[in-house]
Amino acid sequence: MRTTAQAVVIGGGVIGCSILYHLTKLGWSDVVLLERDELTSGSTWHAAANIHGLHDSTNISRIQHYTMNLYNALEEETGQSCGVFQPGSLYLAQTEERVHQLRLQAAKAKLYGMNFYEISIEEAKELNPMVNYDGIKCVMYEPDGGNVDPSGVTNAYAVGARQRGAEIMRFTPVTATEPQDDGSWIVKTPEGDIHTQWVVNAAGLWGREVAAMAGVELPLQPTEHQYFVTESIPEIEASERRLPSVSDRDGEYYLRQEGQGLLVGAYEKDMKFWAEEGTPLDFAHDLFPDDLERIEENMMNAIERVPAVAEAGIKRVINGPMIWSPDSNVLFGPVPELDNYFCCNGIIPGFSQSGGMGLMAAQWIIEGETQYDMFGWDVARFDSWADKAFTKARVEDSYSHRFAIHFPNEERAAGRPARMRPAYAKQQELGAVFGLNSGWEHPLWFSGERGTTDTNGFTRQNWWGPVGEECKMLRSCAGIIDISNFAKYLCKGAGAADWLNSIFANNMPKTIGRSCLTPLIGKRGGIAGDFTVTKLAEDEFWIIGSGMAERYHKRFFKQVARPKGVIFESKTEAMCGFNVAGPKSREMLQRLTNASLATDDFPFMRSKWIDLAGIQVLALRVSFTGDLGWEVHCAEADQARLYDVLLDAGHEIGAGPVGSRALMSLRVEKGYGSWSREYSPEYFPQEVGLERLCKMDKGFLNKEAVSQTLAQDPREHMVLLHLDEADVTASNADATGGEPIFKDGVGIGRVTSGTYGYSVGMSLALGFVKNAAAGDVVEVMVLGQPHRATILSEPPFDPSGARLRA
C-alpha cells in the first residue's frame, strides 16, 4: 500500500469509485481508494440503479445528462460491462401541476439539447402497452432513460481508475484521519498510514462515522427502502423489445422491466428510520426483513396503472438502507472549517448522478472550483443548526414526499422552527408567513391573521395579492423589512483595509462613513459573492453579504492570510437589522432620532451610528428595494424593542411590515441581481454589469482568473424582460426562475428571477440571453408554454436612481 497520495478516497461504492476515476481522468494518478469491505458494500449493491436525465435544477440535469451518456463510453474504455439498458422512460402526469412540471422540464431539455419531449397517449401505448393510461393528462418520453447494473458500473469506474494509476485497497477500514499543520492529512488503517493532500469522504452509510473522525458532524440519517421484483410476466416474455420504464410520480412508485418481470419500488408515507445512533460497522451486503405492508398503498397504485403487476407473483423483495440529507440532496464539497477535507455524502439517485458527481468533485479538488454552480449541493448550505432533530424531521419529510412536486417558492414546515430572532413572536402576531434561510425563520409575507400558511403551485397563489399590497405600501409610503438573516461581519485592526483589499475586487472605502459594493471573485473568474463594505472607523469595517452563503464564503476568507492583529468575525447571530425604505422612510425615521437624515447630512452610500428612540443602531443609507431607505442594525437583544418602535412610527404615517417576497418584486423592478440567482461563479463580471467594480490596478483574490475572463467578450448578458400581459393573465402565472428563453424558435437563455412588479404593473423576469438586445421580442417558457416578452432597455422603476438618492 502507498504511504503517500494526492488524495485518499474513503468508500468503495459507486460514488467513491466515480470520484477516484474522475481524479485520474483529470490528471491525478497518485490516488488511493480505501474500502472497509468489498466494493459496492452498503447501499450500492442493492440499488434499483435507474437512470434519468431531467431534474428541476438545471445544473443537476446537466450532471445527470453527462452521467447517462458516460456509461456506454465507460464500457468501451474499460472493457467492463455496465449492464446498460436504455429502452426509454415514460413520465406520466395525472394532475395539472405535474403537467406544468413536465412541460417546463421539456422546455429546458430543448434549450440544453437533451432528449426529453411530449408524446401522445397513442404513441405511449405503442411504446408500453402494459400501462393503463386512464386519467393521464400528459406523457413525456425520455429515449435514453433506463437502468444499469450497480456492480458493473462500480467496477467499471474502478477499472478505469486503476488503468490510470490509482490504487484500490479492499478490506482496509480507516481508523483515523489526522490533520497536519500544512493542511495535509494522515489517514490511518490497519495496513499502515497514508500521508495525503486531500481526504475524500465518500463513505456512504458510514459517512457520519468517517466525518466524526475529523471532528465533523454531518446532518445525515439512514432509512429503510423497499422494492420488489415480480416473477416472469407473459406479455413481457412475448415482447421482442425491452419496455420503457414508467415514472408515475403522482402514484408515488417507480416501475421498470427487470428480466422478464417488473421491478416496483416505492417511497411510502409510513417510512422507517434505521441506525439512528450510528451505522453498524459489521454491516455490508445485508438486507432487512421484508415489510411490504408499509408500501401496500403504493403497490395498489402501481397495480391500477399496470394491472399485470397484480397477476404476477413476487420473486424477491429488496429492503435495504439508504442515507439521506435533510433535503435529499448530496452533502458535497470541502468542509469550510477544515483544510482539504472533501465530502460527498447522502446521495439518493446515485446512478443518475454518479458520473457528474465524480467529475464535479475532481474539478473542485484539482482545479479549485466546479464548472457549474453547485450551491444546491454544497455541504456549506447546512451548519450546526441542522441538528439531529432537524435532520430526522426533514429526512422523514423528504422520504415520504420523494415524488411530490417541489413548487416555486415552496417552504416545507418539517423540523421548524430551528432558529428564531427576538422579533419572531411579534411577527407571528402580525400574521407573518415564515420561510427558512440558513436555519433562521424570516417573514415571507404578512397576512394579518396568525397561523396563515402558503398555498403552493406553479400559478399565482394565496400570497400574490397580499405581497402586492406590501409592495404598493412601500412604494407609496414606507415599509419595514427584517434583514436579520443577511450575513454580517466585523473586520478591524491595523492592516484591515489592506487585507480586505486583497480579498475583494473593489477598492475598500478610504473615508469613514462611506460604503462600497464589491464582488468576490471565484477561481474561474466568476462572481462568487457580492458584498456591501462600510468603513466604520480607522481600521474598522462592516461587511454585509448573503446569509445563506455565509459558510460557503468562509472558504474564500481563509484563502488570504490574515495579518496578525486583524480581527475578522461573524456578527450574524449577535446583530439584527431592518431595512426601512420608501419615499416616507426619512420622515418616519426622523421622528425617532435627533441625527439629521437630510440628504446633505446623510447621503446615499453613507453610514453613521445613530440613536433611534434610545436604541443605538448602525444606519446605512442603502436599500435593496431600489428606493429611498436605510438599513438599521442593532444588537440582537434590542431587536424586539426596535421592531416595536419602527412599527409604531410606521403606523402613524401608513407604513407597516414587509416580507421577503415583496423585496424580491421590488429589487427585480429595479433590475437588481441577487447572489445565487444572477450572481454566481458561473457568471463573469461583464455579464452581470459588475466589471466596473473590479479594480485591476490592485491585487485581489483570483485577480488573474478574472483578468482572463474580462478580456473575453460576454458569452451572454443579464437582461430584464417584460412578459406580455395577455399571456400572463391567461396562464395566471409569472416566471419564477429556470424558464428557458427562445427567440424565433432558438434557445437563447433562461430566467434567473421572476416575479410580478406590482408598483409598475408588469410581469417581470431577470435572466441571461445571447444574440438578443433591448427591444427584441422573445418567448419565456412559463409553465413550459411560450409567453411573449420584450427585453427592456432600462428598469421600469426609477431608472435614473432619483428616488434612491433623494
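Reply: Happy to! By relative accessible area (1.4 Å probe, protein chains only), buried means under 20%, exposed over 50%, and partly exposed in between. This is a predicted model, in which local features need pLDDT of at least 70, side-chain atom pairs count only at pLDDT 80 or more, and totals for chains, interfaces and linings use all residues. Residues are numbered from 1 along each chain as its sequence is written, and side-chain values use heavy atoms, leaving out hydrogens and water.

With a salt bridge taken as a side-chain nitrogen of Lys or Arg within 4 Å of a carboxyl oxygen of Asp or Glu, the count comes to 49.

Let's start with Glu587, which pairs with Arg591, their closest N and O atoms being 3.2 Å apart. Glu587 is partly exposed at 38% relative accessibility, and Arg591 is also partly exposed, at 44%. Elsewhere, shared partners link Glu224, Glu268, Lys272, Asp291 and Arg294 into one salt-bridge network.

Now for Glu441 and Arg416, whose closest N and O atoms are 2.8 Å apart. Glu441 sits in strand 20 (residues 440-446), while Arg416 is in the loop between helix 11 (388-400) and helix 12 (424-429), so this bridge ties together parts 25 residues apart in sequence; helices (H or I, at least four residues) and strands (E, at least two) are DSSP runs numbered from the N terminus. Glu441 is buried at 6% relative accessibility, and Arg416 counts as buried at 19%.

Finally, Arg412 bridges to Glu410, with 3.3 Å between the closest N and O atoms. Here Arg412 is buried, at 14% relative accessible area, whereas Glu410 is partly exposed, at 23%.
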